[in-house]
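Dear colleague,

Please find below the structure that I am handing over to you, together with its sequence. My notes on what was found in it follow directly after.

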Amino acid sequence: MIHFLSRFLFLTFLVFTLNLNSQNIQSPSEFLGYDLGTQFSRHHQVVNYFKQVSNQLPNQVKLEKYGETYERRPLMVAYVSSEENLQNLETIRQNNLKNTGVNAGTPTKTDIAIVWLSYNVHGNEASSSEAAMKTLYQLLTEKQDWLQNTVVIIDPCLNPDGRDRYVNWYNTTASTPYDINQQASEHNEPWPGGRPNHYLFDLNRDWAWATQIESASRLKIYNKWLPHIHVDFHEQGINEPYYFAPAAEPFHEIITNWQRDFQTQIGKNHATYFDKAGWLYFTKERFDLLYPSYGDTYPTYMGAIGMTYEQAGHGRAGLGVLNDEGAILTLIDRIAHHTTAGLSTVEIASKHAEKLNTEFKKFFDNSNLTYKSYVMQGDTDNIESLKNLLDKHEISYGFAQGGKVSGYHYNTSSQGQINTTSKDLVVSTNQPKGKMVKVLFEPNTKLSDSITYDITAWSLPYAYGLNAVASKNIVPTKTILQAAINNTISKTATGYLVTWNHLKDAKFLADLLNQNIKVRFTEKPLKTEGETFNSGSLIIVRGDNKKVDDFDNIVVNTANKHNRKLTTAQSGFSTDGPDFGSPEIKLVNKQKIAMLSGKSTSSLNYGALWYFFERQLHYPVTSINTENFAGLNLNKFDVLIIPNGYYSSILNDKGLEKLKSWVASGGKVIAIGNALNAFTGKNGFNIKKSETDKKDEDSNNLIPYADREREAIKNLISGAIFKTKVDNTHPLAFGYDTNYLSLKVSSSAYKLLGKNHFNVAYLDNNPTKVSGFAGSNALKKLNNTLIFGEERIGKGSMIYMVDDVMFRSFWENGKLFFANAIFFVNNNAVEL
């Protein structure tokens with residue numbers, strides 16, 4: 001009895017002390033100097049509030065910087081829990097990783113729930129960072145009990161650059177008091193809007209590909225924790241109230257019954273609070289769990305209960321807007337809803353902490369997966385690029401030990417086998433992250449429903465251009481470290497040669513051009529010094545660079561920097577094929593490149609191209625605002641890139657004549673995706689659309705209203721992979737085989753180009769769909785259609801890229817086509 005009484009007094013004292021300490025915490029409104037929700041807070045204010053709270057209550061809040069954005073804003077997470085848990089934070093983390101098998105050993109304790117709350121991945125969905133501050137405050141002042149067995153990790157803003165772009169614009173343009181009319185300027189963001197990051201990427205679709213610095217930085221810290229629950233806070237249109245779990249079909253097949261069921265339990269818990277407050281919501285619609293690169297699916301495939309919460313608002317809502325139902329939606333409302341859903345999530349996690357741990361551990365049992373190993377063959381650079389991605393996810397791999405491996409053969413889409421060598425990469429599902437391996441490598445993703453929110457095919461062997469076999473057996477591996485190439489100078493050499501197979505070769509070329517080194521490429525295969533060099537191979541001739549004082553050092557050091565193997569040629573006389581002075585060996589022009597941006601341009605495609613030039617190719621490009629196109633002096637440039645977009649306003653009759661005249665005099669246009677529509681059927685251009693049968697379109701009018709959405713998917717292609725034919729004798733396809741796997745993200749289709757033009761990559765009369773969903777009507781349009789082609793106009797060229805090789809920057813095998821388009825196509829062209 002005395003023991004019980006002393007324990008009771010101690011707990012009473014502890015709660016009293018915690019409450020006393022929490023009363024000293026400033027509320028967000030007190031700290032900011034304005035009522036939360038009456039203004040938008042800039043990112044630094046959000047960060048400063050978290051710093052203030054961690055300083056006021058250091059025994060319960062630990063703040064950690066995990067990276068910086070491209071614009072140098074900090075990326076932060078806060079660990080929030082009880083004093084005891086925070087003192088034992090590292091032990092809790094290690095125990096959790098032992099529970100997954102990532103760390104060896106038996107956990108000493110597994111009754112602490114780990115909940116990760118991520119806010120503001122889309123910068124103009126700005127209520128969530130405000131809600132992050134309020135959630136932090138309420139956890140520490142009102143909900144201390146939940147923290148006794150829960151660690152809450154809060155990332156208040158995943159996209160600081162996008163958030164500040166939106167907030168700074170809104171604070172500049174908004175009326176005082178705010179204007180609720182939807183037509184007011186404060187409800188209509190200018191291009192590109194605050195949604196994306198610095199390079200205009202959608203960070204909510206970058207979790208798996210981790211192309212952006214925010215995503216790559218986040219993965220490092222996420223993999224240190226692997227939380228039990230992860231919530232991604234978003235906003236949707238102003239007329240949809242609130243969305244929370246459970247998610248919509250299709251669910252990926254690896255998602256467990258427990259994950260499905262607990263999503264429903266969480267949703268029901270939210271519903272009690274929303275119902276009590278009279279707030280509307282919906283569940284089980286729109287937002288599925290399939291595409292692996294979202295903030296809900298990626299954590300799900302890492303064992304968590306991954307969820308998206310969507311509040312009405314988005315960039316159109318501002319501080320307050322009148323929606324279509326006549327209700328005024330305010331920022332204060334939006335903050336309240338997100339805060340309630342976040343706190344409800346922590347509550348139910350606290351109530352089920354032990355069960356969360358138990359089921360979380362079960363997820364990492366991969367014994368029931370059909371395929372045990374994925375074996376990949378191909379270009380060494382493609383293998384290395386894939387390894388770099390796997391390293392970001394801390395997924396283990398090795399190299400084959402030789403011998404035959406049987407299984408599903410990716411190239412033939414049937415059972416087959418390959419003879420392996422020590423150069424072949426092997427990724428096994430017999431590791432803690434085996435289910436994520438399955439998701440990323442499986443040749444075909446099983447669809448329980450063809451209506452999905454995103455693409456339906458992404459298999460990494462296809463994306464990286466690798467031949468692969470999925471085996472039902474564990475393939476033994478060994479560890480091999482790739483040795484760095486160490487080229488040496490040859491002062492007697494006529495020149496140096498480099499093969500052309502990968503984007504890394506294009507980076508090497510770009511680096512040399514930036515250093516004013518003249519480089520040639522061969523349009524025909526040649527043999528010299530006992531080696532064969534295929535079309536596209538680079539030749540750096542000493543005679544071309546007589547004015548370069550340190551020629552050999554520059555070439556050799558640059559090759560070593562890019563890990564490119566140089567072959568020294570003592571003579572320009574080839575054993576076979578063209579000699580170095582042949583007309584078939586052309587000088588690469590140091591291209592001056594312009595690219596359209598701004599209104600009418602797809603910000604996503606423009607951003608991916610911008611990122612490509614600045615962060616991958618490292619070659620200068622001049623961005624030209626579409627509003628300035630009429631006054632643009634095209635003669636200052638060699639290449640004009642027109643990203644995916646709709647350009648009827650600038651490429652009118654006058655604009656097209658201007659462009660056509662420039663091309664005829666030797667200019668080169670690279671048009672991508674919907675940009676092709678600007679030239680389709682126009683005088684002087686050969687590009688034409690492939691259309692469906694008019695009877696099929698008319699029959700749609702007979703479909704019942706309730707069936708229209710499902711019937712409409714017959715006309716869609718949801719990110720499917722197709723096998724294309726390739727003319728690899730054309731410079732646009734140098735470095736490729738006679739087949740290429742293309743990711744189609746729309747049903748747009750264009751007829752093959754006519755006489756005197758070049759269909760470089762195309763679909764034949766019976767296109768092969770390798771993976772993903774494509775509707776029956778969309779498939780009919782694809783027979784004999786263009787993927788990539790060149791149309792000659794006078795001395796110049798129009799290059800049409802129907803499929804976007806830069807889509808989310810993850811389809812690595814397509815990027816060499818784009819480099820070829822820049823540097824090789826129609827180089828010193830002769831008018832046909």
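Two strands are said to pair if DSSP finds at least two bridges between them. Please bear in mind throughout that this is a predicted model.

With that definition in hand, the pairing of strand 14 with strand 15 can be described. Strand 14 covers residues 403-409 and is joined to strand 15 by seven bridges, the two strands running antiparallel. Within this pair, S406 has Q417 of strand 15 as its bridge partner. Both strands belong to an open sheet of seven strands, whose order is 15-14-17-12-16-13-18 and whose pairing is antiparallel. The edges of that sheet are strand 15 (414-420) and strand 18 (477-478), each of which pairs on one side only. As a general point, side chains in a regular strand alternate between the two faces of the sheet.

The protein as a whole

The protein contains 23 helices and 35 strands. How does its radius of gyration agree with that of a compact globule? For 832 residues, a compact globule would have a radius of gyration near 28 Å, and the protein has 29 Å, so the value agrees with that expectation. Along the principal axes, the C-alpha trace spans about 100 × 60 × 60 Å.

Of the 832 residues, 59% count as buried. Among contacts with a separation of 6 or more, 78% come from residues 24 or more positions apart. The accessible surface amounts to about 33200 Å², and carbon and sulfur atoms account for 49% of that surface. As to charge, the protein has 84 positive and 83 negative charges, and their mean positions are 4 Å apart.

Is N159 buried or exposed? N159 counts as buried because its relative accessibility is 0%, the cut-off for buried being under 20%. N159 is placed in the loop between strand 4 (150-155) and helix 7 (160-173). Leaving aside residues up to four places away in sequence, N159 touches N120, V121, H122, G123, G194, R195, P196, N197 and L203. By way of distance, N159 and I348 are 189 residues apart in sequence, and their C-alpha atoms are 28 Å apart in space.

The second residue is S797, which lies in strand 35 (residues 796-801). S797 has a relative accessible area of 1% and is therefore buried. With residues up to four places away in sequence again not counted, S797 touches V663, G667, K668, V669, E790, E791, R792 and N826.

Backbone geometry

Most residues other than glycine have a negative phi, and most peptide bonds are trans. The following places in the model may be read against that background.

Which residues does a cis peptide bond join, with omega of about -5°? These are T176 and P177. P177 is found in the loop between helix 7 and helix 8 (213-225). The peptide bond from W191 to P192 is also cis, with omega near 0°, and P192 too has its place in the loop between helix 7 and helix 8.

L226 is not a glycine, yet its phi is about 50°. L226 is found in the loop between helix 8 and strand 5 (229-236), and with a relative accessibility of 1% it counts as buried. S809, also a residue other than glycine, has a phi near 60°. S809 is found in the loop between strand 35 and helix 23 (815-823), and its relative accessibility of 2% is the reason why S809 counts as buried.

With kind regards

Key
Residues numbered from 1 in each chain as written. Predicted model: local features only at pLDDT ≥ 70, side-chain atom pairs only at ≥ 80, totals over all residues. Heavy atoms only, no water. Helix = DSSP H or I, 4+ residues; strand = E, 2+ residues; numbered from the N terminus. Rg over C-alpha atoms; globule rule 2.2 N^0.38 Å. Buried < 20%, exposed > 50% of the residue type's maximum accessible area, 1.4 Å probe, protein only. Contact = heavy atoms within 4.5 Å. Areas by Shrake-Rupley, 256 points an atom, 1.4 Å probe, with all protein chains shown as cover. Lys, Arg positive; Asp, Glu negative; His and termini not counted. Charge placed at Lys NZ, Arg CZ, Asp CG, Glu CD.
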